[in-house]
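This report covers a multi-chain model, working from the fold of single chains to the places where they touch.

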Amino acid sequence: MERAPVPPAPPVPRAPLIKNLEFKIGLLLTLTVLLGAAFIAYALYARGAFQVSQKLILTAEDVEGVSVGMPISFSGFPIGKVSRLHLMEDGKVQIELAIPKEDARWLRKSSVFTLEKALVGGAKIKAHTTNLQDPPLEDGAVFPLYMGDASKDIPVLIAKVKSILGNVESMTAAGAPINQTLGHVELMTGRMAGENGMIGGLMGSPENARKVVQSIDRANTLLSTLNGVSLKVDGVLAKTDSRLFGQDGVMDQAQGAIRNVNTLLGDVRESLKKADAILANAQTASKDVTKITGNIAEATTDMARLRLEIDDSMRKVNHLINEINKKWPFARDVEIKTP
Amino acid sequence: MPLRANLSLLDNIALIPQYRHNLDYETASAQAWNLLLLTGQESAALKRDPQLNPVERCVAKLLRAAIERPPIILIDRPALLLPDTHYPPFLGDLLERLADHLNDCWILDYRWNEPLYPPHPLFPALR
Amino acid sequence: MPAIINFLTRRGAALLATWRIWRATFGLAGKVVVAALSPTVYNSATRTVVMKQIYFTAVQILVPFTLFAALLSFVLIQIVVGTAAEYGLSDYALEMSVRLLVLEVLPLVTALFVALRSGSAINTEVALMRINNELEALEDSGVDTLRLEFMPRVIGGMLSVLSLTAITSVLALVLAYLAVYGAQPWSLPDFARVMGKVFDGAILTSIWLKSLAFGLAVTVIPVAEGLATPKMLFMAPISVLRGMVRLFFVLMFIEVASLAFKYI
């Protein structure tokens with residue numbers, strides 16, 4: 001069992017694995033842990049875990065569209081968010097907002113808070129502060145939240161517009177008092193011009209008499225055109241209705257246009273009333289020829305004024321119709337000329 | 001039993017003490033290295049299983065068994081492990097080199113191969 | 001009639017096999033997790049294998065994969081920002097791109113990448129180890145294969161998926177900031193506000209859980225499938241194929257489940 005003495009052992013060869021294996025793994029794991037920790041810290045920071053915030057309570061009737069985490073904006077900048085919603089005993093809703101201390105300076109005792117619901121997109125809580133010199137808000141202050149709901153007003157608006165148009169329609173419908181009046185006027189003037197030519201004498205010349213008749217004709221056509229316009233307005237409104245009230249701009253324009261129509265129709269009505277009165281004069285005049293002479297001057301001046309006014313109304317209506325045509329591309333070409 | 005294919009010969013041997021005694025890699029591989037030096041096959045230390053020749057593979061397997069100093073090591077039909085070697089003298093030499101690290105070693109072989117083995121104190125159980 | 005019986009028998013056998021492999025998968029996952037959480041299991045050999053696994057699944061591919069993820073993130077962010085601007089929803093562009101990338105796309109892409117690169121390798125390796133009897137050899141030498149071979153792979157795979165997801169996600173956040181606000185630091189409060197909105201506790205937890213589940217699936221399924229390989233060399237490719245298909249469905253299932261959890 002003799003054995004040669006063991007030679008000094010050469011060093012253990014290390015497997016030529018991967019250079020700096022431990023270092024690389026360590027680096028990767030450290031990096032991962034760091035990134036993970038930093039990300040969680042960042043998420044906490046972003047969620048406001050490190051922020052000192054103060055409470056603001058808004059009370060509202062209805063918080064449809066409001067959710068926890070929703071921002072409150074001031075001049076378009078988010079300055080805080082909804083932290084809690086709860087229903088109170090009286091059926092109102094309390095919205096608790098967390099406002100970071102540094103942003104709380106934008107809110108003052110005089111601030112007004114509104115909830116705006118757009119047709120597209122979510123609701124927005126907005127703060128409006130007019131005077132930044134007012135005393136600052138204390139923690140836990142309670143304010144009412146006003147609703148500014150664009151879509152909520154539309155049904156009311158439509159109802160109003162409809163009633164206006166109903167009035168216009170009943171005014172211009174066949175057999176309506178104003179039409180009857182005009183019919184009488186026409187009959188009367190025709191009779192005056194045809195049978196005894198009294199009107200010729202009354203107006204000074206047959207030319208003038210014809211003009212009066214023409215004016216009244218024009219007034220008639222004007223009214224029928226307006227009828228058409230109102231029908232169109234009705235159609236448009238129906239369309240608007242079916243499109244879920246469309247967008248704000250169209251509704252506003254429509255509303256403005258309808259307001260114009262209304263005032264114009266008021267004007268027309270006024271003019272026609274005057275015409276009525278004058279023609280009533282003429283009627284009495286034709287009945288009592290002997291008393292005519294005294295009234296002739298008055299009547300003729302009145303006639304001139306009437307014409308002017310009717311002209312004016314027609315211009316306005318013409319303008320209005322052009323306007324409406326511009327806004328509603330589906331209207332046909334309508335033009336009214338003054339005689 | 002085959003060696004672990006993706007470890008070097010040295011690591012294959014060192015793995016056993018790493019597991020059994022929870023040694024760190026330095027100690028375990030030093031143990032394995034010492035054994036390997038005794039057998040004279042240290043040039044194969046960093047080779048992996050497919051690169052080993054039959055002799056080296058046989059040494060590795062023997063060492064993997066021997067490093068734990070079990071009471072008995074059984075070599076079953078060495079001809080299967082050493083196809084190209086005149087194995088009885090080789091095994092005799094190998095076992096002698098490792099004599100200090102072995103307790104008892106049995107070689108199991110067919111009886112007609114008995115004359116191949118020289119009488120030796122280490123092989124009491126030849127069949 | 002015999003045909004029907006034959007058919008039913010085969011279906012039944014297939015069903016049982018499927019059930020067995022799933023049971024094996026979950027059993028293995030359970031054992032690995034238990035082993036990974038018990039400190040006594042670790043020794044120098046295990047640690048070496050864990051490190052090697054992390055090296056091969058994460059460090060080696062870190063740079064190319066990060067570049068690829070950056071490119072993908074950049075293109076997706078541009079698309080989201082551009083589309084949002086077109087529809088007048090620019091306010092939501094950042095939130096959308098962050099949700100899309102960090103919460104969904106990047107973890108899934110990472111998991112798929114690791115599955116393709118390491119999952120398939122693990123599956124093949126385990127199948128070959130089983131076919132070559134290496135596993136029995138190790139067990140015979142007193143080496144616990146679960147501790148030496150499987151658990152380190154699972155740990156390595158999970159850590160790799162987590163690291164790659166974390167790195168690419170942070171990169172995507174940086175890119176999103178640059179794409180939306182440009183290269184200037186004054187919009188950081190805005191960015192923080194959007195981040196705070198997106199990443200609440202539930203979302204953070206779900207990202208973690210999802211990445212962990214991805215990592216577990218990416219490694220446990222190949223190991224289980226490899227272990228179930230019959231001891232015939234020609235079965236190795238079939239084993240890898242099965243493992244990959246199962247892995248794909250599991251990844252998709254995890255993704256769908258996480259989406260359902262978050263948005264339904």
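## Basis

The model is predicted; local features need pLDDT of at least 70, side-chain atom pairs count only at pLDDT 80 or more, and totals for chains, interfaces and linings use all residues. Residues are numbered from 1 along each chain as its sequence is written, while chains are lettered from A and ligands numbered from 1 in the order in which they are written.

## Chain C

Chain C has eight helices and zero strands, where helices (H or I, at least four residues) and strands (E, at least two) are DSSP runs numbered from the N terminus. The order of its elements from the N terminus is α-α-α-α-α-α-α-α.

Of the 264 residues in chain C, 42% are buried. A residue is buried if 20 or more other C-beta atoms lie within 10 Å of its own, exposed if 12 or fewer, and partly exposed in between, with C-beta atoms placed from the backbone. Contacts between residues at least 6 apart in the sequence of chain C join residues at least 24 apart in 86% of cases; two residues are in contact if their C-beta atoms, placed from the backbone, lie within 7 Å.

## Chain B

Chain B contains five helices and two strands, in the order α-α-α-β-α-α-β from the N terminus. Buried residues account for 36% of its 127 residues. Among contacts in chain B between residues at least 6 apart in sequence, the share joining residues at least 24 apart is 64%.

The average pLDDT of chain B is 75, and 86% of the residues score at least 70; pLDDT is the predictor's confidence in each residue, from 0 to 100. Within chain B, helix 3 (residues 54–66) has the highest mean confidence, at 82, and strand 2 (residues 105–108) the lowest, at 72.

## A helix pair in chain B

Helix 1 (residues 9–20) and helix 2 (residues 25–39) of chain B pack with their axes 8 Å apart and at an angle of about 125°. Axes are lines fitted to C-alpha atoms, for helices over the stretch in contact, and angles run from 0 to 180 degrees between N-to-C directions. Helix 1 and helix 2 of chain B are therefore oblique to each other: angles under 35 degrees count as roughly parallel, over 145 as roughly antiparallel, 65 to 115 as roughly perpendicular and the rest as oblique.

Residues of helix 1 of chain B in this contact include Leu10(B), Ile13(B) and Pro17(B), and those of helix 2 of chain B include Tyr25(B), Trp33(B) and Leu36(B). By class, the contact has ten nonpolar, three polar and no charged residues. Ala, Val, Leu, Ile, Met, Phe, Trp, Tyr, Cys and Pro count as nonpolar, Asp, Glu, Lys and Arg as charged, and the others, Gly among them, as polar.

## Contacts of chain C

Toward chain A, 19 residues of chain C touch 21 residues of chain A. Helix 2 (44–86), helix 5 (145–181) and helix 6 (188–198) of chain C each give two or more residues to this side, and helix 5 of chain C gives the most, with six residues. The side comprises 14 nonpolar, two polar and three charged residues.

Toward chain B, 14 residues of chain C are in contact with 14 residues of chain B. Helix 4 (134–140) and helix 2 of chain C each supply at least two residues, the largest share being the five residues from helix 4 of chain C. This side of chain C has four nonpolar, seven polar and three charged residues.

## A loop residue

Asn133(C) lies in the loop between helix 3 (93–131) and helix 4 of chain C. Its phi is positive, about 65°, although Asn133(C) is not a glycine. Most residues other than glycine have a negative phi. Asn133(C) is partly exposed because 14 other C-beta atoms lie within 10 Å.
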